[in-house]
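User: I am new to this structure and would like to go through it step by step. Please keep the answers plain.

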Amino acid sequence: MTQALTIGREVTLRHHPRDMIGPDDLAIVSRAVPPLRAGELLVRNRWFRISISTRLMADPGAQVVEGIPFPPLHPGDTLADGAIGEVVASAPDSAIAVGSLVLHPYGWRDWAVVAASQCTSIPAPDDAAAFEPAVYLGHGWTAYAALTHGTQVRAGDTVFVTSGAGAIGAMAGQIARRLGATRIVGSTGSADKAEWMTAELGYDAVVRRDRGDLAAQLASAAPDGVDLVVDMIGGDQLAVAAAQTRTGARLVLLGALGAELDATRATLAAPVLLDSFQLILRDVTIRGYSACADEAAGGFADWLRWQAGAALHHAVSRVEGLDQAPAALHDACAGRLRGVVIVAL
Ligand SMILES: NC(=O)c1ccc[n+]([C@@H]2O[C@H](COP(=O)([O-])OP(=O)(O)OC[C@H]3O[C@@H](n4cnc5c(N)ncnc54)[C@H](OP(=O)(O)O)[C@@H]3O)[C@@H](O)[C@H]2O)c1
């Protein structure tokens with residue numbers, strides 16, 4: 001198979017960031033797309049996701065970590081994240097046809113050469129204009145997996161979602177409600193996001209990390225205590241949530257944003273002080289959970305079926321064009337964006 005020379009843009013790491021990652025740490029370069037080898041596809045990317053975990057992986061001390069689906073980034077490396085694109089060329093032995101839409105892990109570039117084995121085919125949408133890339137690129141899947149595999153929602157639960165306006169959090173509150181929870185409280189860092197969370201995402205109450213005394217705010221938002229905590233932040237928010245659990249409560253820990261988005265340096269160390277005696281007396285279960293293994297085991301197909309009938313509001317910050325992506329990564333890490341951040345190419 002012959003392939004015409006294609007030049008595409010990619011976003012690379014210029015150098016390791018000093019504190020918060022931003023456009024100065026990244027470069028947009030043009031490169032020739034390599035020829036296809038056996039089993040590979042040439043994909044024209046249409047959308048890709050921006051994840052705050054990119055900051056952690058751009059740290060000079062970043063290492064491969066089981067459970068984190070991002071490789072460490074070195075200067076010159078092209079950034080990577082989930083993407084959806086159209087197959088425009090296919091090596092003869094690959095099972096995916098030209099014209100197919102595929103989900104794959106090589107965003108942050110116009111064109112991707114991907115092994116067909118790393119691609120998931122997406123059924124051609126009946127109405128292309130109504131296609132919602134966030135169903136595939138968003139973290140509704142992560143939230144759904146956490147609430148069905150990582151823990152169980154019980155009818156009548158009061159749920160507390162930390163980073164409730166974030167990529168996972170914006171979906172977790174809605175999904176918990178549909179799974180039977182009756183009171184949903186979320187945390188955020190600003191008044192405008194708090195308003196959006198109650199108006200658009202269905203939260204009953206919101207506590208704000210920018211307003212101090214989180215314990216008093218949570219006690220007022222959930223006066224009878226919390227049955228289920230979906231934690232993306234760790235630190236003080238996890239400690240406050242654990243202290244206000246009811247008997248039989250469950251805590252599912254998905255992330256440690258307080259450490260990942262620390263103002264000085266991203267870190268994987270997220271120590272927290274919990275009153276273990278109280279957790280024992282109240283029969284509280286704490287589970288750390290990564291959706292990666294359940295995704296590989298076929299759980300993603302369950303999510304696609306379930307969400308089709310769930311009438312969820314897919315919370316998305318949409319960004320137009322690759323050249324806007326470096327600034328969007330900075331804004332996402334600074335807490336200026338909502339839901340999942342998706343770049344349209
Ligand atoms: N376990 C899994 O399977 C899995 C999968 C994917 C991601 N993750 C992890 O889950 C966590 C959440 O991921 P996400 O993509 O949904 O992130 P996210 O919630 O969209 O993260 C961005 C938000 O973090 C908040 N934030 C910013 N600075 C902060 C700080 N210093 N302390 C606390 N919060 C701060 C801001 O929200 P507010 O202004 O609203 O507070 C910001 O909008 C991350 O740690 C990620 O690595 C886990």
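User: How many of the six residues of strand β9 are buried?
Analyst: This is a predicted model. Strand β9 spans residues 183-188 and is mostly covered. Of its six residues, the number buried is five.

User: In which sense do β8 and β9 pair, and which residue of β9 is the bridge partner of T158?
Analyst: Strand β8 covers residues 158-161. Over four bridges, β8 and β9 pair in the parallel sense. For T158, the bridge partner in β9 is R183.

User: Which residues of helix α7 are buried, and what covers them?
Analyst: Helix α7 runs over residues 235-243, and its buried residues are Q237, L238, V240, A241 and A242. The cover over these buried residues includes the helices α6 (214-221) and α9 (276-281). Among the strands in that cover are β8, β9, β11 (226-231) and β12 (245-253).

User: Where is I52, and what is the separation of its C-alpha atom from that of L257?
Analyst: I52 sits in the loop between β3 (40-50) and α1 (53-57). Leaving aside neighbours within four places in sequence, I52 is in contact with L257, E260, L261, A332 and C333. I52 and L257 are 205 residues apart along the chain. The separation of their C-alpha atoms is 8.9 Å.

User: Why does S53 count as buried?
Analyst: S53 lies in helix α1. Apart from neighbours within four places in sequence, S53 is in contact with F70 and E260. Buried means under 20% relative accessible area. S53 counts as buried because its relative accessibility is 17%.

User: Which residues come nearest to the ligand, and which helix gives the largest share of the shell around it?
Analyst: There are 27 residues around the ligand, and S163, T188, R209, E260 and A291 come nearest. The shell divides into 13 nonpolar, 11 polar and three charged residues. The largest share of the shell, three residues, comes from residues 257-260, which form helix α8.

User: Which atoms of K193, L254 and A256 face the ligand at the distances computed, and what percentage of the ligand's area does the protein bury?
Analyst: An N or O atom in the side chain of K193 is 3.0 Å from an oxygen atom of the ligand. A polar backbone atom of L254 is 3.0 Å from a ligand nitrogen atom, and a polar backbone atom of A256 is 3.3 Å from a ligand oxygen atom. Taken alone, the ligand exposes 920 Å², and the share of that buried by the protein is 86%.

Key:
Residues are numbered from 1 along each chain as its sequence is written. This is a predicted model: local features need pLDDT of at least 70, side-chain atom pairs count only at pLDDT 80 or more; totals for chains, interfaces and linings use all residues. Side-chain values use heavy atoms; hydrogens and water are left out. Helices (H or I, at least four residues) and strands (E, at least two) are DSSP runs, numbered from the N terminus. Contact means heavy atoms within 4.5 Å. A residue is near a molecule or strand if one of its heavy atoms lies within 4 Å of it. A polar contact is a pair of N or O atoms within 3.5 Å; within protein, one must be able to donate a hydrogen and the other to accept it, and residues adjacent in sequence count only if both atoms are side-chain atoms. Accessible areas come from the Shrake-Rupley method with a 1.4 Å probe; for residues, only the protein chains shown count as cover. Ala, Val, Leu, Ile, Met, Phe, Trp, Tyr, Cys and Pro count as nonpolar, Asp, Glu, Lys and Arg as charged, and the others, Gly among them, as polar. Buried means under 20% relative accessible area, exposed over 50%, partly exposed in between (1.4 Å probe, protein chains only). Two strands pair if DSSP finds at least two bridges between them.
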